[in-house]
Amino acid sequence: MLSFQYILTRLYLLYGSNLQDEDGEYVDWIELYNDGEESVSLKGFGLSDKKSSPKLWEFPDVKIDSKSYLIVYASGKNRTDADSELHTNFKINTFGENIYLSDAKGQPVSSIRIDNTGFNKSFGYEKEKKAYVEFSVPTPGAENSGAEEV
């Protein structure tokens, strides 16, 4: 049996600077991490900001290699070309909400909660603390560091 663990490792709320998408725009982004020993497919998995619609945005046939990251822009642009940048069909509400990752059957796999925090904030999973924390310096595509508990 294939063993893997998907973690919503980081959620970045921004307004003005950090990671630019292919259109040259700065938008919020969500980062996932495969902590397993094998590459795994996310085909049919979903991201959502609504618990009642776990697959509001559905992943195309894209894989995450072992110990690797995948960034999905939460831009509202709804792009699902596996050979290009991925963009959800929803944006993140900076005034507070949950972001959910579900498997291909719509069952919850991981989630992260943000509260009314403002802009230019990075939130993610801190392995040592086993908790979601705020990061002073975003590190898209790399291990989280510089944590401050929230």
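1. Basis. The model is predicted, so local features need pLDDT of at least 70 and side-chain atom pairs count only at pLDDT 80 or more, whereas totals for chains, interfaces and linings use all residues. Residues are numbered from 1 along each chain as its sequence is written, and side-chain values use heavy atoms, with hydrogens and water left out.

2. Confidence. The mean pLDDT (the predictor's confidence in each residue, from 0 to 100) of the protein is 79, and 71% of its residues reach 70 or more. Strands here are DSSP runs (E, at least two residues), numbered from the N terminus. Confidence is highest in strand β5 (residues 57–58), at a mean of 98, and lowest in strand β13 (residues 147–149), at 52.

3. Four-stranded sheet. Four strands form an open sheet in the order β5-β4-β9-β10, with antiparallel pairing. Because β5 and β10 (108–115) stand at the edges, each with a single partner strand, one side of each has no neighbour in the sheet. Two strands count as paired if DSSP finds at least two bridges between them. Strand β4 (residues 46–48) is joined to strand β9 (residues 96–102) by three bridges, and L47 lies opposite L101 in β9.

4. Pairing of β2. Six bridges connect β2 with strand β7 (residues 68–73) in the antiparallel sense.
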